[in-house]
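This report concerns the structure shown below.

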Amino acid sequence: MSDLVFWTGAVLLCACALAVVTARSLYRAAYALSGTLLVTAAFYAALGSPLLAAVQVLLYTGGVLTLVVYALVVSRGATETGPPRRPFAAAATAALVFGALASFGRSVPPATPAAPPDGRELGLLLFQRYLVPFELLSLLLLAALVGALMVARLERAP
Amino acid sequence: MTPARLLVLSFLLFSVGMYGVLARRHLVGMLLSLELMFNAGNLAAMAVAWGYGRAAGILLAFFGIAVTVAEVALGLALFLLVDRIRRTTTPDDLSLLRR
């Protein structure tokens, strides 16, 4: 991955992320989020994992955008109700966290390049070594689905 | 193009998302910012997987995506419930326990 690709992606990513947290209209914020997720998917593809890029586009971008837009449509008011809450304190906290993380990030060892695993290798890992987490994940998804239905179904106990 | 650069980029995304969670006044806005933070975590896992040849990092990002989607579904269901019952979309109005 060349530097040009990296910096283009980084600038796009930051612009979309800033739009997510500052846009007045939440529809705009949601579309900016999908932009962020798509650029991230491009990063995944450039880093040698087209499988993860496909999952990101199909499941994450498609699923999240659909859900968010649907929830905004059926709820009241899809714009921010006022100015940001304590923007300077929030920005200072975020900058502090970034500083702490980045000082940690400076000490990472240089890359040791290796051939990226292909789909076959990932599938074998997923269904042999990480089979139990995979099954737990399916349980979690089922529980989240049922839970979301239960929560959103406005029906009070008699 | 190094893993360190990718990690710093993901830290930046994480901080921007954190600002959004702290400063947003709309529940869905907070949820979207939370998504940014999750996405930054996945990107960091992927950066490590790429830089050091660990296939498990790709699987971690994969699991992260699945968990995040579940969390969004549940969060939006809660948002719809709050919107219908409490008739508000601002977390500031949900301070029942503080009174």
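The sections below describe a predicted model.

## Contact between the chains

In this predicted model, chain A places 77 residues in contact with 60 residues of chain B. On the side of chain A that touches chain B, two or more residues come from each of helix H1 (3-22), helix H2 (26-46), helix H3 (50-74), helix H4 (87-105), helix H5 (119-129) and helix H6 (131-152) of chain A. H3(A) provides the largest share of that side, 12 residues.

Sorted by class, the side of chain A that touches chain B comprises 56 nonpolar, 15 polar and six charged residues.

## The largest nonpolar core

The largest nonpolar core contains 69 residues, and A:Val20, B:Leu13, B:Val28 and B:Met46 have the most contacts inside it. At least two residues of this core are supplied by each of H1, H2, H3, H4 and H6 of chain A, and by each of helix H1 (3-23), helix H2 (27-52) and helix H3 (55-85) of chain B. H2(B) gives the most to this core, 15 residues.

With residues up to four places away in sequence left out, B:Met46 touches A:Tyr44, A:Leu47, A:Ser49 and A:Leu52 in chain A, and B:Gly57, B:Ile58 and B:Ala61 in chain B.

## Domains of chain A

Chain A is divided into domain 1 (1-77) and domain 2 (117-158). Taken over C-alpha atoms, the centres of domain 1 and domain 2 of chain A are separated by 22 Å.

Key. Residues are numbered from 1 along each chain as its sequence is written. Chains are lettered from A and ligands numbered from 1 in the order in which they are written. This is a predicted model: local features need pLDDT of at least 70, side-chain atom pairs count only at pLDDT 80 or more; totals for chains, interfaces and linings use all residues. Two residues are in contact if their C-beta atoms, placed from the backbone, lie within 7 Å. Helices (H or I, at least four residues) and strands (E, at least two) are DSSP runs, numbered from the N terminus. Ala, Val, Leu, Ile, Met, Phe, Trp, Tyr, Cys and Pro count as nonpolar, Asp, Glu, Lys and Arg as charged, and the others, Gly among them, as polar. A nonpolar core is a set of buried Ala, Val, Leu, Ile, Met, Phe, Trp, Tyr and Cys residues joined through C-beta atoms within 7 Å. A residue is buried if 20 or more other C-beta atoms lie within 10 Å of its own, exposed if 12 or fewer, and partly exposed in between; C-beta atoms are placed from the backbone. Domain bounds come from an automatic or database domain assignment.
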